[in-house]
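We will hop from stop to stop, picking residues as we go.

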Amino acid sequence: MRYQGREVDIEGRVRLVMESALTARDRVGVQDFVLLENYNSEATFIENLRRRFRENLIYTYIGSVLVSVNPYKDLEIYSKTQMERYRGVSFYEISPHIYALSDNTYRAMRTERKDQCILISGESGAGKTEASKKILLYYAVTCPTNDRMAALGDHLLQSNPVLEAFGNAKTLKNDNSSRFGKYMDIQFDFRGTPVGSHIMNFLLEKTRVVYQNQGERNFHIFYQLLDGGDDDLLRRLDLDRNPQNYDYLVKGNCPRLSSVSDKNNWKTVMKALSVFGFTEEEVQILLNIIAGVLHLGNIQFGEGEDGEAYITTETRLNHLAELLGIDSSALGEALTHKKLTAKGEEMISPLNFEQAVSARDALAKSMYGRTFSWLVQKINQSLAPKDEIYHSNKGSSVIGLLDIYGFEVLQHNSFEQFCINYCNEKLQQLFIELTLRSEQEEYETEGIAWEPVQYFDNKIICDLIEEKHKGIISILDEECLRPGETCDVSFLEKLEDTLGGHPHFVTHKLANGKTRRVLSREEFRLLHYAGEVNYNVTGFLDKNNKWLNRNPKEVMCQSENPILRHCFRRKEVIDQKRPVTAATQFKTSLMKLKEILMSKEPSYVRCIKPNDAKQPDRFDEVLVRHQVKYLGLMENLRVRRAGFAYRRRFEAFLQRYKPLCPETWPNWHGRLADGVSTLVNHLGYKEEEYKLGRSKIFIRFPKTLFTTEDALEAKKPDIALTLQTSWRGYRERAKYQRIRNAVIVIQSAWRGMKARRRARRRREAAERIRRFIKGFIHRHEEYGPENDYFLDHIRYSFLKNLRNNLPESVLDKSWPTPPPLLTEACTASEHLRMLHMRNMVMKYCRRVQPEWKKQMTQKVIASEIFKDQKDSYPESVGRLFLDSRLEREQINLKVIQTLGNDKVQYGVSVIKHDRRGYKPHPRQLLLTNTYAVLVDRTKIKQKIDYSALRGISVSSLSDGMFVIHMPNEDNKQKGDLVLHCNHVIELVTKLSMMASKVNYVNVNPGSIKFAVSRGKEGIIDFVRGSELKVTKGKRGHLLVTAPRINDT
Ligand SMILES: Nc1ncnc2c1ncn2[C@@H]1O[C@H](COP(=O)(O)OP(=O)(O)O)[C@@H](O)[C@H]1O
Ligand SMILES: [Mg+2]
């Protein structure tokens, strides 16, 4: 725990606990007085102020009131970065600052949509005007704006130097003391953009124009003009640079100021005037009036014999008249004569010396005062919201800024001080009313019981001053307006008569011995809330009487100077009614101001002046104590602390401290009040330490809050860690979720697609099956919608089946059976079969070589001759026919030579059986193109002409016997040839083909008859046996036993 709990002993009695401030931003003292343990001790209070002041911490809160101590030096706390720091940040989370207050007010205006006002009070020189400038600057810089409105921000800031030049002066208390009261409204539109502004000015201290106390100055503008104006300008205005030459500037005997550069300020003012749209001419006529006032002051009077005043400085008068654009003699008369209307008759009477001087001064004051009001009006014109939008806009709101002169106690206090202090009384009352009221209201609305705090209510003093008929102002007015001889002393007497015995009013006559000594006979004393002030009645009547002689007024309203004409209206001259007195007018404007302020939500800045010497780092305790007292800060604090030191809305309290309790961290989901109560129970708050209101928690002792705050401080690293982890977790989870969702989307889309596809397939399949079955049922009917699918399918499957089962060779006779249902399919099938066969044949034929063709031709012939005729035929089918069975060398050369041109086409060895006896002889049979020859080794034994060939006979068995039938008419013929050849089928085929006598071949089943010679016949018998045997049989027959072939 960082809780330090140091105790500082002050004056041996006071216990001051200087703990870590609420949020540990400033560790010097406490940043909110409410957190002071010993809140009843003024010493503790001042010590806290002093400690912070020493560390340049000039701001401290009392709850929502900002206490500011004038540092009299530039602190680096007003930069833009600082502004950003305070923007949108909660009041207590950051060290106290005027920006925090400004920001808070602005946000309250925006969120609560209620007009706000900031009341800045304090003694002269305490820093009020500076504070108001800081606030303006803050708004000008940080508020949202657009191009058009940016100019407004500039105008707002620029209004200060102008108003200060004309309305501020050096006093003993402040080198730049505002000598008028100022209330400024800033208007915002619904977006929070400043759209316009309006300034109200109160009671300019006009006396200063003609008289200044020792060490003080007139209004800045006179010195600025003399110092800063260029030579031409001064020449034109007939002025010279030395202020000492002007009666109105010499009274205070203080022409120069070390802290202020009149020359520079002159430039600033001229620039600012141009910003406000003052034309060159307007500036000139304004300066004419300023110069006119100076000249007027130098008008001197002499005294005539009858005591009547006359002007001794005629030339000056002429100059002045010229400058103001008025008639010189009329002016002269106006300054020395008085015009009266009695019973409808106008009378002119001369003024005496004093009266003339007073008339002159009155004119000067009046000119200056009215010109100042004109100036404010002019500035207001340029600050007014340009937009009609603003006026029609319901969401717009206002922040008011009151910078009014502070309570003033001088050596000699006059009418002005009276008014100023009266104003402060009124504001104090407002402050009491508003703070107490709001405090009380808060307890009431929250349902918390509390003891009202005793405080001094200054209503009694306000009444003393302002009450009708009985109040000081009423009496003063009465004296002013009463016909007959009136003077300040008679006014005092009247006061004594009426107010004698009032606890807050004393005069020399009424006072007891001790007081009497310090009160002169012309003085009365008021016991103000802030202290006792003695007022000298001298001049009260004059100053109150705004009744300027008619004479000068008439002159002025005829002026060629438009500003003067504007300020002095003809209507006023004609109007015979007395104008309201200064005091009454002031009272009325204060009432109005109060009304304005009461309608707004107030915030307070209480300025304190640390020393009278205007020096930095000096803290005059006596002076400060006095201010603390009269500003009512202790009472303010007491009220604030009466019940509870601290209060927070439930949500804010819970939000801040929820990490300290596991039940409320990270989020409390129940009712807020329950959350807070859970939290404080966990924190171990004791019963007497806190109370729960309806929407707020009230904490009685600062210590309780400090402890909690320190615990939070200690907890912060953990929280950071937790936040970090949960944030990371959250981020990763979110990422994972995103991916997961994407996956699911893709998955479902894909699954959906797949399922739809499957469903579609199933539907189609079902449909197909249905149609199939239906088609099957109707298969015997005409082709139509009922069965087309089925029949098409049958057809299709047949064709498909056919494609896969087509016979691959010409020899393959298989063919799929066409569906019996489809008659046309049978024809088509047959057709296809034929086509296919043809195709195969064609393909086969294309592949056949000439060699093979020849072979095949021979084989076909052989088949024609022998198929199913001869036993040995099937066996021969597989054997190829050769071109020749004899090699070339086996044929005798002589034989070949004998044959000559007839080439041997085929040769084979044969056995020749004699026609008688059947003796076998080996021979060669050679076939040429035209004949066949039988050769016995080298000799050609027989030549057989193909044309003469009568036939060829073979048996039906498996033997190789064959007979060549020769022509029988030829006697020379030796008869038919009986031959045996192992290749009988080949030989017979070739021979018959060569001889073109295929039809001449006979296949004889039992026996072959052949011609032997001259009509004699031989017979060869064929039988089946186990092996080939050629023997002589019965009756001279040749018996051939042919072996059985397997299947025969
Ligand atoms: N916040 C501040 N920082 C620095 N100087 C300041 C500050 N407030 C006031 N001053 C000084 O004090 C002087 C008087 O302040 P001012 O605001 O004119 O007093 P007031 O308006 O209360 O009479 C200023 O001219 C300035 O020098
Ligand atoms: Mg001021």
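Start by selecting Thr-129: in this predicted model the residue is buried, with a relative accessible area of 13%.

Next, show the magnesium ion (ligand 2). Its protein donors are Thr-129, through OG1, and Ser-178, through OG, at 1.9 to 2.2 Å from the ion. Colour helix H4 (residues 128-142) and strand S7 (residues 177-178): Thr-129 sits in the helix and Ser-178 in the strand, so the pair ties together parts that are 49 residues apart in sequence.

Time for charged pairs. The whole structure holds 49 salt bridges, and we will visit a few.

Select Arg-208 and Glu-216. Their closest N and O atoms are 2.9 Å apart, forming a salt bridge.

Move on to Arg-671 and Asp-674, whose side chains meet in a salt bridge of 3.5 Å, N to O. Here Arg-671 is exposed, with a relative accessible area of 55%, while Asp-674 is partly exposed at 33%.

Now pick helix H30 (residues 702-777) and find Glu-767 and Arg-770, which lie 3 residues apart, about one turn of the helix. They form a salt bridge, with 2.8 Å between the closest N and O atoms. Glu-767 is partly exposed at 35%, as is Arg-770 at 46%.

For the last stop, select Glu-42, Glu-47, Arg-50, Glu-621 and Arg-625: salt bridges with shared partners join them into one network.

Conventions
Residues are numbered from 1 along each chain as its sequence is written. Chains are lettered from A and ligands numbered from 1 in the order in which they are written. This is a predicted model: local features need pLDDT of at least 70, side-chain atom pairs count only at pLDDT 80 or more; totals for chains, interfaces and linings use all residues. Side-chain values use heavy atoms; hydrogens and water are left out. Donors are N, O and S atoms within 2.8 Å of the metal (3.2 Å for Na, K and Ca); water is not among the atoms, so sites may look incomplete. Helices (H or I, at least four residues) and strands (E, at least two) are DSSP runs, numbered from the N terminus. Buried means under 20% relative accessible area, exposed over 50%, partly exposed in between (1.4 Å probe, protein chains only). A salt bridge is a side-chain nitrogen of Lys or Arg within 4 Å of a carboxyl oxygen of Asp or Glu.
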